[in-house]
Amino acid sequence: MEEELRGRLERAGQPHLLRFWAELGPAQREALLEPEELAEHCRRAAQACARHQRPSPGKLEGRIQPLPPELVGGVGSGDPAALQRWEEEGLRQISQGKVAALLLAGGQGTRLGVAYPKGMFDVGLPSHKTLYQIQAERIRRVEQLASQKFGSPCLVPWYIMTSEFTLGPTEKFFRDHNYFHLDKSNVIMFEQRMLPAVTFDGKVILEEKGKIAMAPDGNGGLYRALVDHKILEDMQRRGVQFVHVYCVDNILVKMADPVFIGFCVSKGADCGAKVVEKAYPAEPVGLVCRVDGAFQVVEYSEIPAETAEKRSPDGRLAYRAGNICNHFFSLDFLWEVVEQFESQLTPHVAIKKVPYVDEEGRRVEPLEPNGIKLEKFVFDVFPFAKNFVAFEVLREEEFSPLKNADTATRDTPTTARRSILSQHYRWALKAGGRFVTGDGQPIPQKESFSQDEEPPAVCEISPLVSYFGEGLEKYMRGQNLPSPFLLDESKAEL
Ligand SMILES: CC(=O)N[C@H]1[C@@H](OP(=O)(O)O)O[C@H](CO)[C@@H](O)[C@@H]1O
């Protein structure tokens with residue numbers, strides 16, 4: 001057995017995997033038993049890495065174009081009637097049970113520096129709600145809005161893609177919180193695959209004596225996971241036709257956003273992306289654009305600096321459609337992707353520091369990158385769409401991602417907390433409320449303030465009370481509100 005395996009591993013260029021064989025238990029041995037598959041993976045990784053490292057100035061030059069402005073719809077269209085129409089259309093689709101939300105939550109939160117899933121993070125709001133809770137409550141509220149408007153009870157199934165790292169803790173967290181009062185049968189968790197990390201010369205990395213270093217296959221691993229777990233069949237059974245796919249870290253995400261859904265459905269789109277105007281050339285957001293005429297996202301790690309810095313005559317960035325990882329897919333398109341296109345997705349290379357065991361079996365934390373991880377990206381299916389649309393939204397209303405720990409200046413717990421509190425402060429003023437100090441003195445109002453500024457008063461509104469600022473007048477108009485002010489469902493007597 002060992003001899004046969006040794007032969008196969010040698011032919012696959014991976015004999016080092018047997019170095020500690022004598023010390024391994026049966027389960028660990030079992031995990032090393034697919035040499036041919038490993039070899040194929042290593043070959044692809046080394047090839048992808050060579051492509052990645054080949055100096056390629058001009059690889060995109062002459063092929064990349066910004067999105068044509070006439071193809072970008074959005075909240076800034078200056079047409080409130082259109083926004084209302086789209087919202088109504090979206091709510092209609094939701095009320096008929098045709099819309100699902102799908103969360104990409106398999107990431108490890110390395111940059112944030114926590115050992116648990118990002119969705120469990122508490123950014124320090126007065127309520128101490130976590131990202132998962134905020135999202136669950138937005139789903140409940142949007143279901144309520146749709147069913148009130150169209151008089152039919154409805155629900156938005158919530159699919160959550162996790163990974164080996166996040167499935168266990170996410171399941172437990174939801175159980176411990178009673179699924180945030182969602183019906184458990186409508187919260188569907190499934191797991192994406194993992195892939196081995198590989199050295200630059202194409203050898204699988206051993207993280208422990210009997211354990212290969214593995215990493216999730218990127219958020220584009222979604223498409224294989226949909227097949228592995230028969231998720232599209234599940235959607236079909238439930239009558240879902242449209243799916244809002246988003247990533248876990250944006251605290252302002254509008255779950256199953258009726259405006260976006262309505263826009264995409266009205267345009268007959270099979271695939272759509274929400275974008276914000278990029279704030280500065282090197283901002284780490286993907287660029288929604290066209291390459292060789294096809295709609296595509298060029299990820300921030302792959303945008304040449306000269307493209308990112310190009311300006312249009314009006315001084316704005318020429319390439320400014322920033323991807324906020326909020327996508328629309330029709331179910332028909334997802335079927336096409338999994339049946340015809342998934343195998344054509346080219347993996348991207350991430351060069352990482354991967355802990356390993358050295359020849360003596362001692363664990364080493366490398367100081368320099370030593371390994372390749374291959375990832376697929378969720379947006380790499382855009383070029384296959386027949387009718388792609390982009391929808392531009394306002395950053396301060398819809399995009400504030402939690403990527404880094406508070407030692408960074410951007411995209412941190414502090415900036416996430418501040419952006420949601422600023423939004424709720426603006427909603428309160430718009431609904432006619434005013435904030436006062438403990439001794440009743442008015443707190444001077446501010447209509448606009450920069451993203452680095454704390455709002456003049458602390459106001460948090462539960463998503464169960466308001467999804468996007470609606471329906472607040474009855475609690476706020478003409479009211480003196482203390483700071484901090486927390487409007488939750490008990491105060492609102494829902
Ligand atoms: C593969 C992928 O989806 N990358 C997305 C995603 O980046 P991450 O750094 O992987 O979180 O979210 C960004 C928005 O927060 C978006 O701009 C980018 O294109």
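The legends below describe close-up views of a predicted model.

**View 1. Domain layout of the chain.** The chain is split into domain 1 (1-53), domain 2 (64-397) and domain 3 (413-491). Taken over C-alpha atoms, the centres of domain 1 and domain 3 are 57 Å apart.

**View 2. Packing of helix 4 against helix 9.** Helix 4 (residues 80-95) and helix 9 (residues 258-266) have axes 6 Å apart, at an angle of about 95 degrees. Helix 4 is therefore roughly perpendicular to helix 9, since angles of 65 to 115 degrees are put in that class. From helix 4, the contact involves Leu83, Trp86, Glu87, Glu89, Gly90, Leu91, Gln93 and Ile94. Helix 9 contributes Pro258, Val259, Ile261, Gly262, Phe263, Val265 and Ser266. By class, the residues of this contact are nine nonpolar, four polar and two charged.

**View 3. Tyr179, a residue with positive phi.** Tyr179 is not a glycine, yet its phi is positive, at about 55 degrees. The loop that holds Tyr179 runs between helix 6 (167-176) and strand 5 (187-191). With a relative accessible area of 10%, Tyr179 is buried, because the limit for that class is under 20%.

**View 4. Asp411, a residue with positive phi.** Asp411, also not a glycine, has a positive phi of about 55 degrees. Asp411 sits in the loop between helix 12 (395-398) and helix 13 (413-430). Its relative accessibility of 21% makes Asp411 partly exposed.

**View 5. The cis peptide bond from Ser483 to Pro484.** Omega for this bond is near 0 degrees. Pro484 belongs to the loop between strand 23 (480-482) and strand 24 (485-487).

Note on methods: Residues numbered from 1 in each chain as written. Predicted model: local features only at pLDDT ≥ 70, side-chain atom pairs only at ≥ 80, totals over all residues. Heavy atoms only, no water. Axes fitted to C-alpha atoms, helices over the stretch in contact; angles between N-to-C directions. Helix = DSSP H or I, 4+ residues; strand = E, 2+ residues; numbered from the N terminus. Parallel < 35°, antiparallel > 145°, perpendicular 65-115°, else oblique. Contact = heavy atoms within 4.5 Å. Nonpolar A, V, L, I, M, F, W, Y, C, P; charged D, E, K, R; others polar. Domains from an automatic or database assignment. Buried < 20%, exposed > 50% of the residue type's maximum accessible area, 1.4 Å probe, protein only.
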